[in-house]
Amino acid sequence: MRDETKCLHSGYKPENGGPGVMPIVQSTTYRFDSTDQIAALFDMPTAHMYSRFSNPTVECVEKKIADLEGGIGAMCTSSGQAASLLSVLNLCNAGDSFISTSTIYGGTVNLFAVTLKRFGIECIFVDEDASEEEIDKAFKPNTRCVFGETIANPALAVFDIEKFAKIAHKHGVPLIVDNTFATPILCKPIEWGADIVVHSTTKYMDGHALQGGGVIVDSGKFDWTNGNFPEFTEPDESYHGVIYTKDIGAAAYITKARMQLMRDFGCYPAAHSAFLLNIGLETLSIRMQRYCENGLKVAKFLQASDKVEEVKYSALEGDKYHDLYKKYLNGGCCGVISIVIKGGKEKAIKFMDSLKLACNEVHVADIRTCVLHPASETHRQLTDEQLVAAGINPGLIRVSVGLENVDDIIEDLKQSLDQI
Ligand SMILES: Cc1ncc(COP(=O)(O)O)c(C=O)c1O
């Protein structure tokens, strides 16, 4: 099946006479005929047993996203932040380190630089554009993974997945890619060498600003037996001595994430949330095409304005990341555009407050056009140095172009630009 078809048909196959639409299984528990059957599930998770580990409705969505990304399995989480957290914790213990590019979502920077540090896990940030030799220097004997974002929020840098995958693999560790902005419709990181893919499904996948969520997808391709990951090759005492690589095989990573981390942290989404997410996924492919079309028209309009100092949008010729865009992104670079208004923060805020159609809100990658000022909102917690490293100018505005008629979006931007 191709993507449009997968969006509609993957994950749920109605049985003969069964409901045509994926049903919501609103139950925390599952009944079994015998104690032995339940006991066996504690040794090997072959069926649903409790809503903190899995749910049939959520499972359909997990299968659909895994299929779209070309992965072997997936696990949904209650937020994108939880997905990023668990993707790293599944590999790193206190005393370990990992590497991330600095141009990633501000909440992830905070999680990696501040919160994980409190738990003894060190994140070493590298410049996205650094050479292989420079990135090599960030590796230590305790480095457990490398992390990057396909289209960085809000710097809109395009991540050189193949370069980072090659470097990570040379050092015997996996590459994790946050594919939130690109979605598997524009880029499938696994095809370029990524081992694990994470998403905030709150964004384009849900698409309608209905509910938060996240997902971790396992490519099933990384060799966990290479000596660097004893937690995968030695018995897990917290899980009846399971040896993930031996007893589970290719899906070792995602099974370990579910059976260890989801069990202990309990950030599993509700069935109803998965049902809503699935409705978003059904139209993801067609929506992404229109976001890209609208985004490019708006980016060109903004680029032509004498009130705008800079437009970051990799589909524009001349953009710093245009070559990487052509390599990695399939026909568009989503609807998110970062602009710098001439005159700094004050003018930027005046511009935002003068908009009539575009919503001023803490959101991005939505069906409705919205704007946000990262330096004073989502990235407020970053230091000035971190803001620069994340590619955020104080006057930068993130415009998330939605699916309204593009002429209406442009008219609104124009009337607002006229006021500054
Ligand atoms: C690229 C990216 N990753 C992760 C997150 C965190 O996702 P959530 O807000 O669903 O926790 C966000 C949120 O904006 C994001 O933009």
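Strand S4, which spans residues 143-149, is largely enclosed by the rest of the structure, because seven of its seven residues are buried (a residue is buried if 20 or more other C-beta atoms, placed from the backbone, lie within 10 Å of its own). This is a predicted model, in which local features need pLDDT of at least 70 and side-chain atom pairs count only at pLDDT 80 or more, while totals for chains, interfaces and linings use all residues. Residues are numbered from 1 along each chain as its sequence is written, and helices (H or I, at least four residues) and strands (E, at least two) are DSSP runs, numbered from the N terminus.

From S4 the chain crosses through helix H7 (residues 161-170) to S5 in a right-handed β-α-β crossover, meaning that, with the strands pointing away from the viewer, the path from the first strand over the helix to the second runs clockwise.

Turning to the ligand, 15 residues surround it, the closest being Ser-79, Gly-80, Gln-81, Ser-200 and Thr-202, where a residue is counted if its C-beta atom, placed from the backbone, lies within 6 Å. Helix H4 (80-89) and helix H5 (106-118) are the elements that give two or more residues to this shell, and H4 supplies the largest share, three residues.

Terms used: A residue is buried if 20 or more other C-beta atoms lie within 10 Å of its own, exposed if 12 or fewer, and partly exposed in between; C-beta atoms are placed from the backbone.
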